[in-house]
Amino acid sequence: MKETQTIQNNTKTTETTERISGSEAVIKCLLAEGVDILYGYPGGAIMPVYDELYKYQDKIHHVLTRHEQGATHSAQGYARISGKVGVCMATSGPGATNLITGIADAQIDSTPMVCITGQVGSHLLGSDAFQETDIVGISTPVTKWNCQVTKASQIPEAFAKAFYIARSGRPGPVLIDITKDAQFEEFDFKYEKCKGIRSYKPVPDTDENSLKAAAELINNAKKPLVVWGQGVILGKAEEEFKAIIEKAGIPSAWTILGASAIPTSHPLNVGMVGMHGNYAPNVLTNDCDVLIAIGMRFDDRVTGNLETYAKQAKIIHFDIDPAEIDKNVKTDVAVLGNAKVSLKSLLPLLHENSHNDWHQKFKDLYKIEYEKVIKDDLHPTKEGLTMAEVLKEINIQTKGDAAIVSDVGQHQMIACRYAEFNKTKSNITSGGLGTMGFALPAAIGAKMAAPDREVVMIAGDGGYQMTIQELGTIFQQKVPVKIVVLNNEFLGMVRQWQQLFFDKRYASTEMTNPDFVAIAKGYSIEAKKVTERKDLKAAVKEMIDCEGPYFLEVRVEKEGNVFPMIPTGASVSDIRLD
């Protein structure tokens with residue numbers, strides 16, 4: 001320890017520093033930021049940090065994933081269910097580049113994550129040294145911020161900035177690349193958390209006039225519709241949001257990342273918008289007179305053809321990120337700021353309302369969807385099991401309290417459509433990037449962050465095999481996650497498009513799969529396969545009752561499709577029911 005004294009305003013202050021290596025500084029920075037779980041994979045360029053981490057095993061639990069991409073998705077799952085910053089670490093070269101998919105996924109889905117990579121010695125930078133890649137250059141388009149550290153003394157400030165940027169404002173991933181010599185070098189360590197960065201304003205001020213203009217449009221609306229996204233959850237604005245829609249009586253629909261902000265059963269929750277969303281909110285998007293978008297970014301999967309999207313409506317857009325305003329859809333009123341603050345300020349400006357006639361339109365269209373789609377999904381008369389009835393049984397067995405971590409494909413859309421959510425942060429999936437292989441490692445991170453919650457992973461046979469090696473992580477860490485694979489022996493979503501738009505030319509989408517049960521048992525995970533409806537209930541109950549990890553394969557109908565569906569480039573009101 002070393003003490004230095006400074007004189008400020010005639011007052012003597014003592015600052016305590018400590019002479020340590022850069023690699024130990026990394027660990028102390030993580031501890032200062034409250035990190036308790038770290039996902040990663042060691043290698044030569046990051047080995048000094050791992051050597052120091054060995055000494056701190058009682059304070060930071062390192063999870064050895066089986067692939068660096070698995071480390072990023074686990075960190076994402078951890079962050080999404082906990083609201084904290086997820087942290088992952090890898091070596092240089094291929095270790096660093098293997099992080100990129102998860103980083104890109106976190107960037108587009110606004111997930112706070114700090115990624116640490118080792119790098120070759122600073123004297124070797126630019127020499128094409130063994131396992132050298134320009135990870136700062138590679139990751140720049142898919143990070144909120146990144147930096148390269150070449151001196152040990154730069155480490156505290158880099159980490160303080162990284163955590164501040166990752167969690168503030170619209171969250172996102174950051175990356176710190178640390179050369180090997182900086183990890184060995186010693187310096188006088190002192191850590192101060194970052195409280196602000198010049199020129200970076202994470203939360204814009206909410207303009208009072210914009211709030212008043214929004215309130216006036218809402219109060220005068222005859223057919224208002226709310227579409228909310230993950231911004232409600234990220235802003236911890238669930239209660240304020242619920243109060244708004246209940247006071248104004250506004251039917252409210254969600255994007256897939258917004259799901260679970262209010263319970264599925266809430267009477268004002270009218271379902272999901274988007275390509276495979278519910279019939280009523282999609283069709284009535286082009287009938288409402290005021291569209292209130294809250295914490296969503298008007299993604300193309302939500303809007304369909306922008307030339308025909310809600311052209312009759314006044315658009316109000318609440319968002320924390322000014323870059324999203326007018327990016328895709330021209331707004332009439334933009335309300336910038338944190339959703340919790342802006343919605344709380346909006347509430348007293350709104351009139352009590354009910355909009356009963358408008359609500360009836362949603363109910364009428366729901367009946368049409370139920371008869372043409374939902375009834376056959378949940379109560380099939382055909383022999384083959386449907387994906388929806390598996391979700392229905394999971395709902396029953398978990399009472400809607402489980403966190404559902406879904407992969408990408410048909411099963412994802414079915415999970416979003418039919419899972420019941422009673423609690424916020426219960427729908428964890430890859431939204432903007434659509435990353436197959438996301439679910440298994442993300443479920444590991446989610447369960448480790450929330451050990452008291454039931455975490456059920458839903459995947460298809462395709463995406464599951466992209467990160468199936470993470471069964472080894474579950475085995476080693478004894479993570480009691482529940483794994484459900486809906487096996488139709490196809491890349492189902494691509495096959496559906498091939499059926500509908502490519503004359504049933506199933507090019508490279510049929511899969512010859514291994515014995516999934518045997519593989520799970522090879523990792524000492526209890527496992528079962530269901531092929532008949534009569535066995536489903538007992539199998540799901542056995543899975544939920546199991547205290548450890550459990551793998552359940554359900555053979556579902558081979559050529560089942562997900563409807564409703566908005567064809568690419570079509571209007572939301574052109575949604576197909578078959």
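**Entry 1: the annotated stretch**

I began with residues 407–554, where the chain is 41% helix and 17% strand, and where the end C-alpha atoms lie 15 Å apart. I noted that this is a predicted model. I then looked up the record: UniProt lists residues 407–554 in an unreviewed entry as "domain: Thiamine pyrophosphate enzyme TPP-binding".

**Entry 2: two helices**

Next I turned to helix α16 (residues 387–398) and helix α23 (residues 536–545). How do they pack? I found an angle of about 50°, with the axes 10 Å apart. The two helices are therefore oblique to each other, and I wrote down that their crossing is right-handed.

I also looked up which residues meet. From α16 I listed Glu389, Val390, Glu393, Ile394, Gln397 and Thr398, and from α23 their partners Leu536, Lys537, Val540, Lys541 and Ile544. Sorting the residues of this contact gave me 5 nonpolar, 2 polar and 4 charged.

**Entry 3: a sheet**

Then I followed an open sheet of 6 strands. Its order is β12-β11-β10-β13-β14-β15, and the pairing is parallel. Which strands stand at the edges? They are β12 (269–272) and β15 (333–336); each has a single partner strand, so one side of each is left without a neighbour in the sheet. From one strand to the next, the twist averages 20°.

Last, I picked out β10 (residues 224–228) and β11 (residues 252–254). These strands run parallel, and I noted 3 bridges joining them. Here I found Val226 opposite Ser252 in β11.

Technical notes: Residues are numbered from 1 along each chain as its sequence is written. This is a predicted model: local features need pLDDT of at least 70, side-chain atom pairs count only at pLDDT 80 or more; totals for chains, interfaces and linings use all residues. Side-chain values use heavy atoms; hydrogens and water are left out. UniProt positions are given in the numbering used here, feature names are shortened, and annotations may be inferred rather than shown by experiment. Helices (H or I, at least four residues) and strands (E, at least two) are DSSP runs, numbered from the N terminus. Axes are lines fitted to C-alpha atoms, for helices over the stretch in contact, and angles run from 0 to 180 degrees between N-to-C directions. Angles under 35 degrees count as roughly parallel, over 145 as roughly antiparallel, 65 to 115 as roughly perpendicular and the rest as oblique. A crossing is left-handed if the near helix is turned anticlockwise from the far one by less than a right angle, and right-handed if clockwise. Contact means heavy atoms within 4.5 Å. Ala, Val, Leu, Ile, Met, Phe, Trp, Tyr, Cys and Pro count as nonpolar, Asp, Glu, Lys and Arg as charged, and the others, Gly among them, as polar. Two strands pair if DSSP finds at least two bridges between them.
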